[in-house]
Amino acid sequence: MTQQGAVLQGYNNELVKCIEDLCMQREELNKQIQQAEEERNKLQHEIQVLSEQLERVCENLAQKVASRNELDKILAETEAAYMKILDSSRTLLNVLKKEVGSLRHSPDLKPNVT
C-alpha cells in the first residue's frame, strides 16, 4: 500500500506542477491580452484624432477649391471683357486713323498762306 501511496503522491506532484504551469501560462496570456487591449485603445484614439484632422483638412480643401473655381470664373470673365475692350480700342483707332487721313485730304483744312 505504501508503494501505491508513493505512486499516487508522484501523480499528485505532477498534477500540481501541471496546474502551476497552466496558471503561469494563463498569467502570461493575460499580460499579453492587457497589452494588446492597451495598444488597441491607443490606436483607436489615434484613429479618432486623425479622422478629425482629415475632416478639417477636407473641409478646408473644399473651401479653397470653391474659392479657386470662383476666381477662375472671375478671371475668365475679366479676360473676356478685356479682350472686348482691346477689340473696341483697335476698332476706334482704325476709325480715327481713317478720319484723320480723310481730313488731311480735305481742301478746307489746308493751311492759309497770306
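How many salt bridges does a search of the whole structure find? In this predicted model, the search finds two, and each is shown in a close-up below.

**View 1. Salt bridge between Lys17 and Asp21**. The closest N and O atoms of Lys17 and Asp21 are 3.2 Å apart. Both residues belong to helix H1, which covers residues 2-104. Their positions in helix H1 are four residues apart, about one turn of the helix. Lys17 is partly exposed, at 47% relative accessible area; Asp21 is also partly exposed, at 29%.

**View 2. Salt bridge between Arg90 and Asp87**. Here the N to O distance between the side chains is 2.2 Å. Arg90 and Asp87 are three residues apart in helix H1, about one turn of the helix. Arg90 has a relative accessibility of 48% and counts as partly exposed, as does Asp87 at 36%.

View 3. Cys18 is partly exposed, with 43% relative accessibility. Another cysteine, Cys58, is partly exposed with a relative accessible area of 43%.

**View 4. Residues 19-60, listed by UniProt as "coiled-coil region"**. The listing comes from an unreviewed entry. In the model, residues 19-60 are 100% helix and 0% strand.

Technical notes
Residues numbered from 1 in each chain as written. Predicted model: local features only at pLDDT ≥ 70, side-chain atom pairs only at ≥ 80, totals over all residues. Heavy atoms only, no water. Buried < 20%, exposed > 50% of the residue type's maximum accessible area, 1.4 Å probe, protein only. UniProt positions renumbered as here; feature names shortened; annotations may be inferred. Helix = DSSP H or I, 4+ residues; strand = E, 2+ residues; numbered from the N terminus. Salt bridge = Lys/Arg side-chain N within 4 Å of Asp/Glu carboxyl O.
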